[in-house]
Amino acid sequence: MKISIRKRICAILLTTVLLLTGVLASCGDDTPGGGTGTAQAEYAVILKTLSNDFWATMKTGIEEEAEKQGVTVDIFAANSEEDTEGQLRILENCIAKGYKAIGVAPLSPTNLLNGVAQANQKGIYVMNIDEQMDMETLKNVGGSVIAFATTDNVAVGEQAANYIVSKLTAGGQVAIIEGKAGNASGEARKQGATDTFRAATGVELVASQPADWDRQKALDTAASILQQYPDLDAFYCCNDTMALGALQAVKNAGKLGQVLVVGTDGAAEAIESIRAGELTATIAQDSAEIGATSLRKMIEAVQNGTQIDPEAQPETIPVESYIVEQDTVG
């Protein structure tokens, strides 16, 4: 009986040790956003959020490129578009893990600057993805990036506005639903669209208001604009999430087919809406290619031993956008 009890005690102790080992291992990575979890990878990418189809598609593009290149990459994302501090913590965790290169799509032009400088101090390359950092301030804190991969967002706004102008052959009233104030990509799209609308004969830009990339806010903002300007002819929205919100406001007002709604990104739901004859069009960004291009640049820097230099002017790598409308949606 004593031997049996001793064996049972040993078994319990062994089980306890194994359980504690598992708990400690699981606590080793408290990074929010769901990375792939292996510290063996040489590369990491931190996206804005995976709740938006744009970023989910970029994640797929990065993973496919990693497979082609024969490398492993850990991919993380912030919990939301508002989680600037959480995204910085993810970067700090990645620095501690010792990746050779980290790609970042910052939630704001400034929230990751100190983290980038810390990464550089440890000899880690940083790639700027989609949302451009405040390069002057980054330089002042001693940080640098190897390159910046993005769509030309001013050109995206111009492309959307020119499309709308081409549809308003008799002119008309238009409005812009902006992204979050101060967000570089959103501001660039707004600028491109604003300049194009103002230069167009017979077109009046009657409103330009932010909806913070949020669908419900865009619905409310668009509904308010429609009440104030009942003869409105078109909305340009700086992403597809807001475009779908504006579309709902148009439907609620009984003006589907009368008011054009053009979005940005080429999100799957937006394309389905175009196919169904509701959303007018979207300016599609190739987010998968933006991600793939970024990873290729990171690999190149590591393989070539590129010098980390805060004084260097980073290369901008543009990725083309294109119009998706009912005639081309397939």
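Q: In this predicted model, what makes the six strands an open sheet, and which are its edge strands?
A: The six strands follow the order β2-β1-β3-β4-β5-β11, with parallel pairing. The edge strands are β2 (73–77) and β11 (315–318), because each of them pairs on one side only. On average, neighbouring strands of this sheet are turned by 20 degrees against each other, direction ignored.

Q: How do you know that β1 and β3 are paired strands?
A: Pairing requires at least two bridges between two strands. Strand β1 (residues 43–47) and strand β3 (residues 101–104) are joined by four bridges in the parallel sense, so they count as paired. Within this pair, Tyr 43 stands opposite Ala 101 of β3.

Q: Which strands does helix α11 touch when it packs on the sheet?
A: Helix α11 (residues 287–304) touches β1, β3, β4 (125–129), β5 (147–150) and β11. The direction of α11 makes about 160 degrees with that of β4.

Q: Why do Phe 54 and Trp 55 count as buried?
A: Buried means under 20% relative accessible area. Phe 54 has 5% relative accessibility and Trp 55 has 3%, so each counts as buried.

Q: Are Cys 238 and Cys 94 buried or exposed?
A: Cys 238 has 0% relative accessibility, and Cys 94 has a relative accessible area of 1%. Both are therefore buried, as the cut-off is 20%.

Q: What makes strand β6 mostly covered?
A: Seven of the seven residues of β6 (residues 172–178) are buried. Gly 172, Val 174, Ile 176 and Glu 178 lie on one side, and Gln 173, Ala 175 and Ile 177 on the other. In general, side chains in a regular strand alternate between the two faces of the sheet.

Q: How do you know that β6 pairs with β7?
A: Seven bridges join β6 to strand β7 (residues 203–210), and at least two are needed, so the strands pair. They run parallel, and Gln 173 stands opposite Glu 204 in β7.

Q: Which residues of helix α4 are buried, and what covers them?
A: In α4 (residues 113–121), the buried residues are Leu 113, Gly 115, Val 116, Ala 117, Ala 119 and Asn 120. Their cover includes α3 (84–97), β4 and α5 (135–140). Just after α4, Gly 123 takes a positive phi of about 80 degrees.

Q: How many helices and strands does the chain have, and what share of the residues is buried?
A: The chain has 11 helices and 12 strands. Of its 330 residues, 49% are buried.

Definitions and conventions
Residues are numbered from 1 along each chain as its sequence is written. This is a predicted model: local features need pLDDT of at least 70, side-chain atom pairs count only at pLDDT 80 or more; totals for chains, interfaces and linings use all residues. Side-chain values use heavy atoms; hydrogens and water are left out. Buried means under 20% relative accessible area, exposed over 50%, partly exposed in between (1.4 Å probe, protein chains only). Axes are lines fitted to C-alpha atoms, for helices over the stretch in contact, and angles run from 0 to 180 degrees between N-to-C directions. Contact means heavy atoms within 4.5 Å.
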